[in-house]
Amino acid sequence: MAWLIRPLRRTLFSASLRTPLLHQHPNSTSFSNSRNYISDMRKSAFQDNILRLLRKEIQYEHDHCPPKQPTTRFNSFTVDDRSGEQWIRLKRKFGEKEDITIDVTMFDGSVTVPDSGQVQSDEQLHITFIVNISKGDDSGVLEIVCSAWPNAIEIQKFYVRGCNRTANHPYIGPEFKELDEQLQDSLYEFLEERSINDELAIFLHEYMKNKDKTEFIRWLQTVKSHIEKK
């Protein structure tokens, strides 16, 4: 009989290995559900913590120096805030023919300037703006690239580009500082006549400080709204 019992035991043993785990562990489904429940709880707690911190940051920004309503005019210029973007646009007419557009970035750099008589240095923020002056014909557009420092403007380049911008890499002339000093002074006077001057630089820095805070709060609120969505 031994020769019959040994194959039978092997058959039963093999069958037990092929038995589904669910049959061996009837509580495996509830275990899986519990694990998913714990995972959901952790995810919910993580999201709740993020939302709490975002709400706290938004409230702090509103309580401490909240942003002002952006102005829509500066001297003869209208100001387009470009809400949600990193730049603004100023526009005006000058005389009968000239249309002037100024595109201005938010703060895009800084330099450290030693403050005489003090140990600490002073950081000056930088803004880039591009002046476009057209005369409503096919003569092209005078484009002037400038820097706005906290209390002064600085011309970097100026050139005339075609209206259709067909050239991929047009020649745009030398650096402004390489030009004759009288020509440099004349171009500053040209801009001054059109209210593009140091007063504009001061205005842009104040405007961008406010816009920087406004856009930061808008960004916080956008992130919060996205996380709150189910």
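Predicted model: local features only at pLDDT ≥ 70, side-chain atom pairs only at ≥ 80, totals over all residues.
## Aromatic pairs

A search of the whole structure finds 5 aromatic pairs. One of them joins phenylalanine 74 and phenylalanine 203, whose ring centres are 4.5 Å apart. Their planes meet at 20 degrees, and because planes under 30 degrees apart count as stacked, this pair is classed as stacked.

The two residues belong to separate elements: phenylalanine 74 is in strand E1, residues 73-74, while phenylalanine 203 is in helix H5, residues 198-228. The pair therefore ties together parts that lie 129 residues apart in sequence.

Taken together, Phe74, Phe203 and Tyr207 make up one aromatic cluster. Are its members buried or exposed? Residues under 20% relative accessible area count as buried. Phenylalanine 74 has 7% and is buried; phenylalanine 203, at 14%, is buried; and tyrosine 207, at 6%, is buried as well.

## Helix H5

What caps the N-terminal end of H5? The cap is asparagine 197, which has a side-chain oxygen 3.2 Å from the backbone nitrogen of glutamate 199.

## Charges over rings

Two arginines are placed over phenylalanine rings. The charged end of arginine 92 sits over the ring of phenylalanine 77, at 5.6 Å from the ring centre. Arginine 194 lies over the face of phenylalanine 190, and in this case the distance to the ring centre is 3.7 Å.

## Cysteines

How many disulfides does the structure hold? The number is 0. Cysteine 65 has a relative accessibility of 58%, and because exposed means over 50%, cysteine 65 counts as exposed. Cysteine 146, by contrast, has a relative accessible area of 0% and is buried.

Technical notes:
Residues numbered from 1 in each chain as written. Heavy atoms only, no water. Phe/Tyr/Trp six-rings, centres within 6.5 Å; stacked < 30°, edge-to-face > 60°. Helix = DSSP H or I, 4+ residues; strand = E, 2+ residues; numbered from the N terminus. Buried < 20%, exposed > 50% of the residue type's maximum accessible area, 1.4 Å probe, protein only. Lys NZ or Arg CZ within 6 Å of the ring centre and 35° of its normal. Disulfide = S-S within 2.5 Å. Polar contact = N/O pair within 3.5 Å; in protein donor to acceptor, adjacent residues only side chain to side chain.
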